[in-house]
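This briefing is meant for someone looking at the structure for the first time. Please keep the sequence and the 3D view at hand while reading.

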Amino acid sequence: MINTALNRGQALLLTSVTTLAKYPKHLTTIVAATLLAGGGGAWALASLGPDVSQLPVRMVLEAVQPLPQVADADAGVRSLNLYRSDITRDTDSADTLLKRLGVDDPQAAQFLRTDPLAWQSLFSRSGRNVTAETNDTHQLTKLSARWSPDDGPNFKRLVIERDANGFTAHLESAPLVASTRLASGIIQSSLFAATDEAGLHDNIAIQMAEMFSGDIDFRRALRKNDHFSVVYEVLEGDGEPLRTGRVLSAEFVNAGKVFQAMWFQPPGTGSNGQINAGGYYSLDGQSLRRAFLSSPVAFSRVTSGFSMRFHPILKLWKRHLGTDFAAPTGTPARTVGDGVVEFAGVQNGYGNVIFIQHRNHTETVYAHLSKVLVNRGQNVTQGQTIGLVGATGWATGPHLHFEVRVNGVQQDPMKMAQSSETVPVPAAAMPLFKRVASNFKAELQAAARMQPTRFE
């Protein structure tokens with residue numbers, strides 16, 4: 001600050017001298033006063049600052065305590081544990097799996113090749129979550145694999161650990177933990193493409209198609225820019241997602257029309273003394289379960305609908321009185337409604353075929369089966385597996401030919417399903433239903449605002 005003031009005083013002095021030279025008579029008095037005030041002020045200000053060379057100097061010494069050292073029990077050096085996770089592939093070997101996990105340990109590889117439990121749990125088993133723990137030299141310390149074998153409440157955990165004698169393996173069981181997730185998507189080409197884009201498992205697409213199958217023909221009626229929002233469960237083991245659970249609620253907008261559904265289980269027991277079964281309902285309380293399903297196989301690609309087509313065997317155009325469902329040989333075929341088996345055997349171009357008689361003079365036909373699993377006169381229930389898809393009779397490839405007949409006249413299966421009756425929520429459970437529905441509405445609104453993400 002002192003040096004700055006001195007510099008400004010010197011600059012002012014130089015300016016004043018120049019001006020005085022130009023106007024010696026008129027400005028002599030004024031310039032002289034300015035010089036005295038500026039210079040005097042500057043020197044007065046300079047005199048206030050201390051002389052740096054005269055300032056006292058003091059040295060301060062302070063002891064610093066070092067941080068405590070944590071010595072390794074064996075080598076006196078702290079070890080570093082490394083963790084890496086991956087998913088098993090059906091082509092994995094012990095070496096390829098360990099390499100992806102960052103493990104360089106011939107002894108561990110040999111154990112995986114020779115231990116029966118490890119071999120059975122890890123190899124030729126795709127999709128299992130595996131975590132490896134290694135030391136800083138990439139030797140395996142511990143390996144854990146998790147999977148959910150069925151629809152039960154627990155998951156399996158394989159644990160392989162190193163001890164003083166090598167490796168040991170054992171199998172554990174632990175409860176799955178459910179968490180809720182939200183997602184949304186837009187149809188550009190197909191439902192499966194949209195759910196892939198939204199990061200959803202195929203099981204979610206199948207559940208949504210089943211939920212709304214009585215209202216939306218997912219095989220023929222989807223439109224570009226149709227969209228959906230969904231709230232669903234993910235079942236986790238040790239914090240890792242192992243499989244998807246149930247769709248809890250969903251909204252689907254098809255051709256501008258909005259359809260909503262939610263899972264609800266009425267409390268208590270029914271008139272038969274059984275605990276009330278859960279099911280899907282519209283948000284105004286109407287059951288989505290109808291007397292007839294629209295599809296005799298789980299949601300899949302359809303090769304031809306209820307329309308005119310070029311017959312692949314007869315080589316001519318004719319009305320196709322039914323629906324062909326493309327599916328691999330061995331795919332379960334299910335009855336679309338309760339009824340009695342009228343015929344089960346071989347019949348002309350149908351090959352292996354089943355005829356089921358339902359109430360109200362309705363009959364359904366399931367043809368080209370590779371295997372028949374029911375007998376004539378047997379009672380069957382909606383959704384029961386009655387045979388396996390095949391290519392018998394006049395079939396050029398594996399598929400299921402399905403017909404619905406009312407009084408002997410073929411009907412469109414989709415229209416038949418849509419016209420069948422529904423059952424509302426029991427009156428006693430309606431207050432609870434409305435509260436649950438209100439929560440689901442809020443969650444669906446939140447899901448609709450989410451941006452679709454790529455499949456992980």
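This is a predicted model: local features need pLDDT of at least 70, side-chain atom pairs count only at pLDDT 80 or more; totals for chains, interfaces and linings use all residues.

**Strand E17 and its neighbours**
- Strand E17, which spans residues 351-358, is mostly covered, with 7 of its 8 residues buried.
- Strand E16 (residues 339-347) runs antiparallel to E17 and is joined to it by 7 bridges, and in this pairing Val341 stands opposite Ile356 of E17.
- On pairing with strand E18 (residues 362-372), E17 again runs antiparallel, here through 6 bridges, and Gln357 stands opposite Glu363 in E18.

**The hairpins**
- The hairpin of E16 and E17 has 3 residues between the strands, and there Asn348 takes a positive phi near 45°.
- The hairpin of E17 and E18 has 3 residues between the strands as well, and in it Asn360 takes a positive phi near 60°, although Asn360 is a residue other than glycine.
- Asn360 counts as exposed, because its relative accessibility is 56% and the cut-off for exposed is over 50%.

**A positive phi in another loop**
- Asp238 is not a glycine, yet its phi is positive, at about 55°.
- Asp238 is placed in the loop between strand E7 (227-237) and strand E8 (240-254).
- With a relative accessible area of 44%, Asp238 is partly exposed, since that class lies between the cut-offs of 20% and 50%.

Conventions: Residues are numbered from 1 along each chain as its sequence is written. Side-chain values use heavy atoms; hydrogens and water are left out. Buried means under 20% relative accessible area, exposed over 50%, partly exposed in between (1.4 Å probe, protein chains only). Helices (H or I, at least four residues) and strands (E, at least two) are DSSP runs, numbered from the N terminus. Two strands pair if DSSP finds at least two bridges between them.
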